[in-house]
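Good morning, and thank you for the time. I would like to walk you through one structure, beginning with a helix and ending with the ligand surroundings.

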Amino acid sequence: MQAYQQQYLKEMGIDVWVDRQAEQVLNVSEDITASNVSKAITSERQIPEPAPKSVQVFPEALATLKKEVSTCEKCELHTSRTQTVFGVGNPDADWLIIGEAPGADEDRQGEPFVGRAGQLLNSMLLAMGLKREQVFIANILKCRPPDNRDPKIGEVIACESYLRQQIDLIKPKIILAVGRIAAQNLLKVDTPIGKMRGNQYQYPDSKLPVIVTYHPAYLLRSPREKRKVWEDLKIAMRLYKNIDA
Ligand code: SF4
């Protein structure tokens, strides 16, 4: 574990120990105060910036898919996008983080989860013992809906095969769906996210586990909900720990 991560977790009020073989955070204290969680997930100190896009080299199949997505015109969103936002991260990641769709910053930079929400996601990952570079981050939609409106069902359907191909190529062990739009579209339900939290799901037509939590952009507006997110992340970590057990 990196020194900055140990320091970060200490500030968060989480007791951790490291399995030297697995190099993963395995034990997380339950007695975390809401204020500690809020402080930790809010902290922007020591959060590594995302790697520049230029260093992102994908294996051939994933690179080919990215190239295909970059010229996609399967839905009307291609007319208003600055560029497609394919996803970033480790192409062999165990963890796949799935959000809704690019926002203005993402559309401009071509990378998902940048800006304040992205920094908050980085914090959530760090709290789990994960650096942004270790996971893969993608969205349901690869193009920005104008004015950040909700995705239309036709757009989700049009874009769906790209996400499925990403999952097939990356072969994650677990998916963390962040936000209502991501969770509902990924799992094909219309259940309110508040009722989805705390349960384990499976990605359709697979045994790939899915855990649902709130979107970091929502947490920026409702910081009191950070404790709930931490509960969700702990569920995800326990689940992940048992996948290979
Ligand atoms: S949102 Fe998806 S389906 Fe629509 S144009 Fe962009 S890449 Fe194609």
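Let me begin with a definition: the expected span of a helix is 1.5 Å times one less than its number of residues. Helices (H or I, at least four residues) and strands (E, at least two) are DSSP runs, numbered from the N terminus. Please note that this is a predicted model, in which local features need pLDDT of at least 70 and side-chain atom pairs count only at pLDDT 80 or more, while totals for chains, interfaces and linings use all residues. Residues are numbered from 1 along each chain as its sequence is written.

Consider helix H6, residues 153–170. Its 18 residues should span 26 Å at 1.5 Å a residue, and the end C-alpha atoms lie 25 Å apart, which agrees.

A residue is buried if 20 or more other C-beta atoms, placed from the backbone, lie within 10 Å of its own, exposed if 12 or fewer, and partly exposed in between. Among the buried residues of H6 are Val 156, Cys 159 and Leu 163. The buried residues of this helix pack against helix H3 (60–70), strand E4 (95–99), E5 and helix H7 (180–187), where contact requires C-beta atoms within 7 Å.

Ile 140 touches Val 156, Cys 159 and Leu 163, among others, leaving aside residues up to four places away in sequence. Ile 140 is also one of the residues that touch the most other members of the largest nonpolar core, which has 54 residues. Such a core is a set of buried Ala, Val, Leu, Ile, Met, Phe, Trp, Tyr and Cys residues joined through C-beta atoms within 7 Å. Helix H5 (residues 115–127) gives the most to this core, with seven residues.

Asp 147 lies in the loop between strand E5 (136–139) and H6. Although not a glycine, Asp 147 has a positive phi of about 55 degrees. Asp 147 counts as exposed because it has 7 C-beta neighbours inside 10 Å.

Finally, which residues come nearest to the ligand? They are Cys 72, Cys 75, Lys 142, Cys 143 and Cys 159, out of 14 around it, where near means a C-beta atom within 6 Å of the molecule. H6 supplies the largest share of this shell, three residues.

Key. Two residues are in contact if their C-beta atoms, placed from the backbone, lie within 7 Å.
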